[in-house]
Amino acid sequence: MARPRALASLGPALPFALLGAVALLPLAVSDSYWLGVLVVSMYFALISSGWNLLAGYTGQFSLAPAAFAMIGAYTTGLLCVYSGVSPWVGIAAAVGATAVIGMALGRIVMRLSGPYLALTTLSFAEIARLVIANSYNVTRGDLGLNVPGLFEERLAYYYLFLGALAAVQVGLLVLLRSPSGLYLKAIRDDEVAAASRGVDVVFWKTAAFTASTAVAGLAGALYGHFSQLVSPELGLITQSGLVICMVVIGGMGTLVGPLAGAFLVYLLSEVLREVGGVQLIVFALAVILFARFFREGLAGLARRAGLGKLA
Amino acid sequence: MSCLAIHGVVKSFGGLRAVAGVSLDVDDGELVGLVGPNGSGKTTLLSIVSGQESPDAGRVLLDGRPIQGLSPTRIARAGLARMFQLTRLFRRMSALENLLTAGRALGLARPQAAARAAELLEELGLSRVADLDAGHLSGGQQKLLEFGCCFMVPPRLALLDEPFAAVHPTMKEIMARTIRRRHAQGQAFLVVSHDMPIVAELCVRTVCMNAGAVIADGPTRAVLGDRKVIEAYLGGEAA
Amino acid sequence: MLNVDLLVNGLIVGVLYALMAVGLSLIFGILKVVNFAHGELYMLGSYAYTLAAAALGISPWLAVPVALAVGALVGWAAERLLMRPLYAGYSSWGLMRDEYAVVVTFALSILLVNLVDKVVGPYPRRGPALLDLPRMPLGPVMLSGQKLVATAVGLVVIAALTLSMRYTLWGKQIQAVAQNRLGASLAGIDTARASSAVFSAAGALAALAGALLAPIINASPDVGAFPAVKSYVIVVLGGMGSMPGSIVASLALGVLESFGAVYVSYDYRDTFGLLILVLVLLVRPQGLFGERGRVV
């Protein structure tokens with residue numbers, strides 16, 4: 001299918017249009033509960049954006065995104081609780097910690113492909129969760145750790161998350177528009193060919209891994225201070241599954257896909273929760289259908305309907 | 001002046017000796033053919049030179065610098081371009097993007113890369129399909145594209161693994177023409193092929209391998225008429 | 001003696017792990033993908049057995065084939081509907097077959113867990129024992145009757161499977177398809193049917209494990225998670241696609257966990273396998289018995 005040459009490309013603008021709409025929503029929505037739902041959607045949107053960079057653009061399907069969010073949340077949580085540092089320092093530390101751990105894991109899984117990569121990241125995620133859950137003396141295990149908040153107003157959190165999300169989108173856009181975007185996609189399409197054309201595969205795979213885990217860590221840290229409680233449940237495999245759902249449904253390999261997917265899936269799940277708890281059944285089914293028939297996700301469907309290039 | 005020097009390279013896979021002590025040189029600007037029956041170790045040898053495999057023993061020197069065991073990325077940056085037997089392209093990227101990736105990865109700046117890519121597309125008759133996803137091109141077009149990617153930055157040596165296999169005669173002619181032209185400009189090539197007529201036409205010198213070893217190395221005419229070479233292909237006493 | 005007791009118990013657990021792992025390994029051998037919904041096949045077997053025996057009032061011995069049938073059916077359906085595109089060429093994922101399989105089987109797993117949760121309810125259910133045997137001594141070791149029966153059945157099934165893979169036409173066809181799909185089809189083997197057969201068999205095996213363990217580990221929607229993770233570890237250790245490797249690795253893991261729970265840490269007994277998996281993959285990305293594919 002020929003890609004339209006001229007810039008019928010709403011592409012880069014879409015994610016920001018969506019975020020713009022989200023920015024204006026509080027004018028219409030003032031209910032605290034629903035603002036909270038939107039904040040959590042943004043939490044997932046952050047993780048999804050990071051995972052999309054890793055899987056959609058670079059082809060590494062890690063099963064550990066939620067685990068890194070959990071690690072980020074606990075990094076800032078433990079620091080604040082035991083060292084009394086400001087939550088802002090905690091958040092910065094969380095990003096640093098998850099970046100470092102992500103870099104290490106990324107190097108480890110670099111030689112692995114497909115199922116082995118999935119299994120290793122799955123194992124890592126489970127080990128991390130079990131270690132945190134079992135270290136009761138330090139983390140209070142499944143009871144969760146109480147963490148200081150940042151603001152009084154829920155609305156302040158709303159715009160903090162939005163700001164982080166926007167910043168990440170800008171970063172991704174810059175990255176993908178630069179030659180690195182070409183390298184990542186080349187690695188996704190054919191790693192051997194990429195290397196033989198001079199692409200530094202080792203560097204870029206690690207970089208993508210690190211970036212995605214750092215973003216997840218940021219999301220987790222922000223969420224920790226928002227909910228003021230961090231628990232090992234953040235890192236459950238089903239949470240990672242939810243992230244994957246969101247990106248597949250929204251559209252992998254596009255910038256707006258993970259955002260749209262996150263908001264859609266999470267808001268829908270809230271609605272369905274009231275209807276009778278069938279949300280996960282619906283999403284799982286949706287993912288299967290999308291993966292099987294509409295690999296490009298909603299973003300891809302929109303593109304085919306003539307809305308131009310969305311990457 | 002030696003461009004590529006292979007000394008005593010050995011490679012085994014489990015019990016199978018794929019390359020059993022091969023030594024071979026390609027001089028600056030030479031166009032050398034590499035022939036031999038299937039399973040003779042040609043592709044393995046190429047993989048060792050381009051870095052996908054590392055040899056059990058022996059050395060490979062590019063412009064006098066040892067490259068055996070280095071990563072394919074570093075070898076590519078040292079000036080070795082490789083075309084694969086089974087076409088390897090970035091299928092979900094456009095033909096243009098495939099070329100740009102190769103160019104940028106090897107250090108070209110954006111405008112230069114764009115200009116080079118446009119030239120190559122023109123030269124190879126692919127301008128029409130520049131924006132098509134590489135995966136949607138025909139087999140012959142894909143080979144030409146992969147070929148083009150090797151030349152975004154003129155390499156010290158171009159390794160072509162069966163570039164003429166299963167290709168439309170027109171495409172074959174375009175590729176042969178391009179090889180000839182670049183050779184005239186001083187480009188060194190090592191071309192693996194089963195297409196004897198084209199090897200005879202293009203290559204002044206040919207090397208023949210069988211069962212992991214070099215059994216003939218010299219002027220193409222002589223090699224292709226060599227009894228040992230004929231026996232290797234026919235698997236027995238030649239008439 | 002404690003050690004002998006631990007060893008025997010470890011081996012018993014290992015046999016049951018093997019039922020799960022062998023199926024997973026076969027799937028990988030023939031389709032080159034990991035089935036992330038494998039644990040749910042175990043779960044469905046557990047439920048099928050429990051519900052058939054309880055709700056339909058039939059003898060537990062008849063409930064076992066019911067479980068097998070359910071596992072086989074779901075396995076067959078999964079392969080037919082979801083996996084076939086992988087090799088029949090109409091998947092739009094092209095070369096990213098592994099990733100497609102990960103996403104699709106992962107989603108299937110979530111679907112099955114939540115479907116069962118919704119339809120049957122989230123509360124655990126206990127399956128009836130096959131034989132009402134009291135704890136019996138086996139040499140120096142005390143074993144529960146159900147475990148003994150489960151192990152015996154498991155051993156018989158595994159032996160039968162190993163022999164049929166090696167000596168029957170069916171088994172050889174499957175090995176052929178696993179080694180070279182195109183070649184096998186050119187030789188006249190119906191590769192689609194072979195794939196379906198394998199997936200069904202794997203489903204039946206996992207369901208059998210679920211049924212055999214239902215009296216010991218209650219059926220609940222997420223009961224499949226643990227056996228699944230264990231089987232992933234085993235299949236990597238034993239080499240994806242290698243049946244003997246999976247069996248050996250299953251027994252090894254069972255014994256390791258048994259000793260580890262007592263001598264190292266009870267809380268972390270589930271992490272030993274995971275740690276080993278990561279360590280093995282660091283050193284040998286193809287697992288202990290797997291083969292390195294040709295890169296070009």
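1. Start with two aromatic residues of chain A. Y183(A) and W204(A) are both buried. Their rings form a tilted aromatic pair, with 5.9 Å from centre to centre and 50 degrees between the planes. The pair links distant parts of the chain. Y183(A) lies in helix α8 of chain A, W204(A) lies in helix α10 (residues 201-227) of chain A, and the two are 21 residues apart. Keep in mind that this is a predicted model.

2. Chain B has a tilted pair too. F151(B) and F189(B) sit 6.0 Å apart, centre to centre, with 50 degrees between the planes. F151(B) is in the loop between α5 (139-149) and β7 of chain B, and F189(B) is in strand β8 of chain B, so the pair ties together parts that are 38 residues apart in sequence. Both F151(B) and F189(B) are buried.

3. Over all chains, the count of aromatic pairs comes to 20. One aromatic cluster is formed by Y43(A), F44(A), W88(A), F151(A), Y157(A), F161(A), Y223(A), F226(A) and Y266(A). Rings can have charged neighbours as well: R88(B) lies over the face of F84(B), at 5.4 Å from the ring centre.

4. Look next at helix α11 of chain A, residues 237-250.

5. How many residues of α11(A) are buried? The count is 12 of the 14, so the helix is largely enclosed by the rest of the structure. Among the buried residues are I237(A), L242(A), V243(A), I244(A), C245(A) and M246(A). Just after α11(A), G251(A) takes a positive phi of about 125 degrees.

6. Strand β7 of chain B covers residues 157-161. Here 5 of the 5 residues are buried, so the strand is largely enclosed by the rest of the structure. In a regular strand the side chains alternate between the two faces of the sheet. In β7(B), L157(B), L159(B) and D161(B) point one way, while A158(B) and L160(B) point the other way.

7. Which strands pair with β7(B)? Strand β6 (residues 80-83) of chain B pairs with β7(B) in the parallel sense, over 4 bridges. M83(B) stands opposite L160(B) there. Strand β8 (residues 188-192) of chain B also runs parallel to β7(B), joined by 5 bridges. In β8(B), V192(B) stands opposite D161(B). Between these strands comes a helix: β7(B), helix α6 (residues 169-184) of chain B and β8(B) make a right-handed β-α-β unit.

8. Chain B also holds an open sheet of 4 strands, in the order β2-β1-β4-β5, with antiparallel pairing. β2 (16-27) and β5 (65-66) of chain B stand at the edges, each with a single partner strand, so one side of each is left without a neighbour in the sheet. Strand β4 (residues 57-62) of chain B and β5(B) run antiparallel and are joined by 2 bridges. There, L62(B) has R65(B) as its bridge partner.

9. Turn to charges. Side chains of opposite charge can pair when their charged atoms come close. Over all chains the count comes to 23 salt bridges. One of them is between K185(A) and E97(B), with the closest N and O atoms 3.9 Å apart. K185(A) lies in helix α8 (residues 179-189) of chain A and E97(B) in helix α3 (residues 95-105) of chain B, so the pair joins two chains.

10. Other salt bridges lie within a chain. The side chains of R188(A) and D189(A) meet at 3.3 Å, N to O. Both R188(A) and D189(A) are buried. In chain C, E79(C) bridges to R84(C), the closest N and O atoms being 3.2 Å apart. E79(C) and R84(C) are both buried. Salt bridges that share partners also join K11(B), E53(B) and D56(B) into one network.

How values were computed
Residues numbered from 1 in each chain as written. Chains lettered and ligands numbered in written order. Predicted model: local features only at pLDDT ≥ 70, side-chain atom pairs only at ≥ 80, totals over all residues. Heavy atoms only, no water. Expected span 1.5 Å × (residues − 1). Buried < 20%, exposed > 50% of the residue type's maximum accessible area, 1.4 Å probe, protein only. Pairing = 2+ DSSP bridges. Right-handed = clockwise from strand over helix to strand, strands pointing away. Salt bridge = Lys/Arg side-chain N within 4 Å of Asp/Glu carboxyl O. Phe/Tyr/Trp six-rings, centres within 6.5 Å; stacked < 30°, edge-to-face > 60°. Lys NZ or Arg CZ within 6 Å of the ring centre and 35° of its normal.
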